[in-house]
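This briefing concerns the surroundings of a ligand and the packing of helices. Please consult the sequence and the structure shown here.

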Amino acid sequence: MKKILVAGASGYLGRYVVKTFKQRGFWVRALGRNAAKLNSIGEYADELFIGEVTDPISLDGLCDGIDVVFSSVGITRQEDGLTYKDVDYQGNRNLLTIAEESGVSKFVYVHVLNAEKLQHIAMIEAKQAFVDELKQSALDHTVICPSGFFSDMEEFLSMARSGRVYLFGDGSNRINPIHGADLAEVCAIALEGPEPQLDVGGPEVFTYREIAELAFDVIGKPGKITCLPKKLVASAVRVLRWVTPIKTYGPVQFLTAVMTMDVVGEPHGARRLASHFRSCYETVGHKTANELRHSSMPTKHHP
Ligand SMILES: NC(=O)c1ccc[n+]([C@@H]2O[C@H](COP(=O)([O-])OP(=O)(O)OC[C@H]3O[C@@H](n4cnc5c(N)ncnc54)[C@H](OP(=O)(O)O)[C@@H]3O)[C@@H](O)[C@H]2O)c1
């Protein structure tokens, strides 16, 4: 039985990945830095390892006996005062080093779709620097490049609840978002597959405007959509860069870029965004999973 290390196990994707890998018969060691968050996935993992990817000393023994390392470690909404370079680059670089030293045979890493067009974005620059080193390493590897996750689409529900959805650009660009459980299935295939890179999206393609309309439809409110012109947004982002910290500026910079380009990967999975929106909205007291994630930890994800 292959032994897999899952780094990022406490995150949105990582939780589905741990569960899916176990269901597919792999032995799973889950890495996390927060014991409470990690314990909440304990029933699925064979072993929990508390360590901090930015602190190599805390990773001693992490890859002992491991065949494949999977990492979805990266800053999304964390506010630790760390930079993308600290976590997305150096944290993953530390994992790669220990994997190389421990005789691991393969490294599977979750990157971002369209990264080649987004090199000017701080987050992507850090991720790409890691991918470049992964490609140079002696390890077999698969780089998974997904479109947006359903967890991120929940922002449309939050905005719709407040009465207005703001779009960057005219809302005509397209995306095929993917559910974490569907993406986890692709990650499981990547553990043993030969592909160096997989560009992945969900089964349905939407314009951003259609996602906003879907969110209003689910909550049963009339839709008010405001499109912020691309040029105006670009100028605002340039100003933000100088007046806000990276934790504020970074996600805005990323979002403005991806909302003004098509982000469509090879379709995978069957889970539909409308069902996800409905289950978010109806089953958790009209709060989205993201809102819950920030109000109480640990958080359960929707089916
Ligand atoms: N969300 C999207 O739409 C999307 C789309 C394409 C690609 N991606 C990429 O896919 C990956 C996974 O995304 P996700 O939505 O699952 O993100 P997530 O829920 O924020 O999970 C990220 C994981 O990285 C860990 N992490 C973050 N900062 C850390 C730090 N300073 N030290 C140690 N661990 C740290 C988190 O640990 P804690 O739980 O302890 O914070 C968590 O386990 C990310 O690299 C993201 O950029 C995301």
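At what angle do the axes of helix α7 and helix α10 cross, and within what distance do they come? The axes of α7 (residues 208-219) and α10 (residues 273-283) cross at roughly 40 degrees and come within 10 Å. This is a predicted model, in which local features need pLDDT of at least 70 and side-chain atom pairs count only at pLDDT 80 or more, while totals for chains, interfaces and linings use all residues. Residues are numbered from 1 along each chain as its sequence is written, and side-chain values use heavy atoms, leaving out hydrogens and water.

**Helix packing**

- Two packed helices are described by the angle between their axes and the distance between the axes.
- Helices here are DSSP runs (H or I, at least four residues), numbered from the N terminus; axes are lines fitted to C-alpha atoms over the stretch in contact, and angles run from 0 to 180 degrees between N-to-C directions.
- α7 and α10 are therefore oblique to each other (angles under 35 degrees count as roughly parallel, over 145 as roughly antiparallel, 65 to 115 as roughly perpendicular and the rest as oblique).
- α7 passes α10 in a right-handed crossing (the near helix is turned clockwise from the far one by less than a right angle).
- Helix α5 (residues 150-162) packs with α7 at about 55 degrees, their axes being 9 Å apart, and the crossing is right-handed.
- The axes of α1 (residues 12-23) and α6 (residues 180-192) come within 8 Å and cross at roughly 55 degrees, so α1 is oblique to α6.

**Ligand site**

- The ligand is surrounded by 26 residues (a heavy atom within 4 Å), and the closest are S10, K37, E52, T76 and K127.
- An N or O atom in the side chain of S10 lies 2.7 Å from an oxygen atom of the ligand, a polar contact (a pair of N or O atoms within 3.5 Å).
- A polar backbone atom of F149 is 2.9 Å from a ligand oxygen atom.
- The protein covers 93% of the 900 Å² of accessible area that the ligand has on its own (Shrake-Rupley method, 1.4 Å probe).

Definitions and conventions: A polar contact is a pair of N or O atoms within 3.5 Å; within protein, one must be able to donate a hydrogen and the other to accept it, and residues adjacent in sequence count only if both atoms are side-chain atoms. Helices (H or I, at least four residues) and strands (E, at least two) are DSSP runs, numbered from the N terminus.
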